[in-house]
Amino acid sequence: MTAEVSLRQLVKRFDGVTAVDDISIEVATGESLVILGPSGSGKSTLLRIVAGLEALDSGDVLIGGKPQQNLPPHERDVAIVFQHFALYPHMNALENITLGLRHGLGLDRATARERGLEFARRMDIEGLLDRKPRQMSGGQRQRVALARALARKARLVLLDEPLSGLDAQLHIALRQEIADLMRTTKATSIHVTHDQSDAMALADRIAVINRGRIEQIGTPDEIYNEPATAFVAGFIGSPPMNLFPGTAVEVGYRTVFGDIGEHSTASEVRVGVRPEHVRTDGTGRYQATAMVHTTIFEGSTRILEVTVGDVQLAIRTDQNMRARRGDSVLLSFGDEDVQLFHAETGRRMERTLSNVH
């Protein structure tokens with residue numbers, strides 16, 4: 001696939017603080033890329049740079065192979081969906097959808113109306129077109145904002161956390177609609193969010209960002225199963241990967257679960273095990289007794305928050321696990337469940353098992 005968007009060595013500073021630090025990303029035509037990271041990580045600044053709302057200190061933005069640095073936002077072939085709708089309060093829904101088509105793209109009134117109605121149907125808001133924003137719910141207003149952006153049929157659609165202000169049920173429903181629309185329209189999109197569930201549902205690829213730098217870019221499966229850094233491992237997953245210390249000894253790394261056999265020159269590591277990979281039947285090679293502090297019922301599964309010594313862990317088990325606060329449980333996992341991260345660099349380490357039993 002060809003690159004529709006190229007971000008090359010982008011740098012942006014605010015008062016001496018580097019918000020975007022040497023970021024390079026290629027987005028393929030028709031791809032949905034999600035920028036995922038915590039608050040303050042630089043993800044919204046990155047999106048604003050692509051939109052032309054923030055000036056770069058250095059680097060290049062190319063859309064369709066054309067440099068964008070000297071183009072104002074209205075001359076870039078992008079459509080933007082903001083978190084806070086940004087609808088004109090004195091216009092009804094159809095007028096909000098078609099205004100940019102007539103004045104931005106220069107479509108005649110009839111053509112703009114036809115296209116506006118097409119995307120209103122796709123967003124299931126045909127019955128709201130005569131209403132003004134104050135007469136609509138938050139979810140309805142966001143549907144209007146999405147229809148307005150997608151109706152432009154721009155080369156690139158930018159979404160800045162458009163689901164964050166919605167209640168849980170509407171959030172999930174609208175997320176599915178966005179995913180379906182992006183796929184049926186074959187739009188190229190960059191979506192910013194701090195919500196990993198949204199990222200996993202919407203992305204062809206995810207770029208995890210932290211402190212202005214890219215930690216990892218990959219498919220949702222790669223990000224979850226092969227995290228490149230301890231940050232990614234501890235940020236992705238609900239609950240996220242358990243991470244606990246390991247100190248080098250002659251046979252490998254000493255942990256609260258015993259000695260994990262490993263050949264490495266690192267003196268300290270962080271051992272990672274996903275909550276669903278921790279067993280309660282005593283069958284794993286590495287074992288320890290844990291104290292239960294909290295149990296969270298989630299229908300078919302339960303999450304136990306436990307401690308082993310001074311290490312806090314979360315485990316996901318089935319609904320038949322009836323452990324309560326104060327109970328002791330035997331936890332275990334196998335070599336196949338372990339990932340190791342360098343304590344200083346945070347990078348995932350390639351494993352070379354030794355013969356510790």
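Ala93, Asn96, Ile97 and Leu101 in helix α2 meet Val144, Ala147, Arg148 and Ala151 in helix α4. The model that shows these contacts is predicted. Helix α2 covers residues 93-103, and helix α4 covers residues 138-151. Two packed helices are described by the angle between their axes and the distance between the axes. Here the axes come within 8 Å and cross at roughly 25 degrees. Angles under 35 degrees count as roughly parallel, so α2 is roughly parallel to α4. The crossing of these two helices is right-handed.

Next come the aromatic rings. How many aromatic pairs are there? The count comes to five. One of them joins Phe231 and Phe235, with ring centres 5.5 Å apart and planes at 10 degrees. Planes under 30 degrees apart count as stacked, so this pair is stacked. Both residues belong to helix α8, residues 230-235. Phe231 and Phe235 are four residues apart there, so about one helical turn separates them. Is Phe231 buried, partly exposed or exposed? Its relative accessibility is 24%, so Phe231 counts as partly exposed.

Ring pairs also build a cluster. Its members are Phe244, Phe257, Tyr286 and Phe333.

The charged end of Arg122 sits over the ring of Phe119. Arg274 lies over the face of Tyr224. The table gives the distances to the ring centres.

| Arginine | Ring | Distance to ring centre |
|---|---|---|
| Arg122 | Phe119 | 5.0 Å |
| Arg274 | Tyr224 | 3.9 Å |

How values were computed
Residues are numbered from 1 along each chain as its sequence is written. This is a predicted model: local features need pLDDT of at least 70, side-chain atom pairs count only at pLDDT 80 or more; totals for chains, interfaces and linings use all residues. Side-chain values use heavy atoms; hydrogens and water are left out. Rings of Phe, Tyr and Trp (its six-membered ring) pair if their centres lie within 6.5 Å; planes under 30 degrees apart count as stacked, over 60 as edge-to-face and the rest as tilted. Buried means under 20% relative accessible area, exposed over 50%, partly exposed in between (1.4 Å probe, protein chains only). A charge sits over a ring if NZ of Lys or CZ of Arg is within 6 Å of the ring centre and within 35 degrees of the ring normal. Axes are lines fitted to C-alpha atoms, for helices over the stretch in contact, and angles run from 0 to 180 degrees between N-to-C directions. Angles under 35 degrees count as roughly parallel, over 145 as roughly antiparallel, 65 to 115 as roughly perpendicular and the rest as oblique. A crossing is left-handed if the near helix is turned anticlockwise from the far one by less than a right angle, and right-handed if clockwise. Contact means heavy atoms within 4.5 Å.
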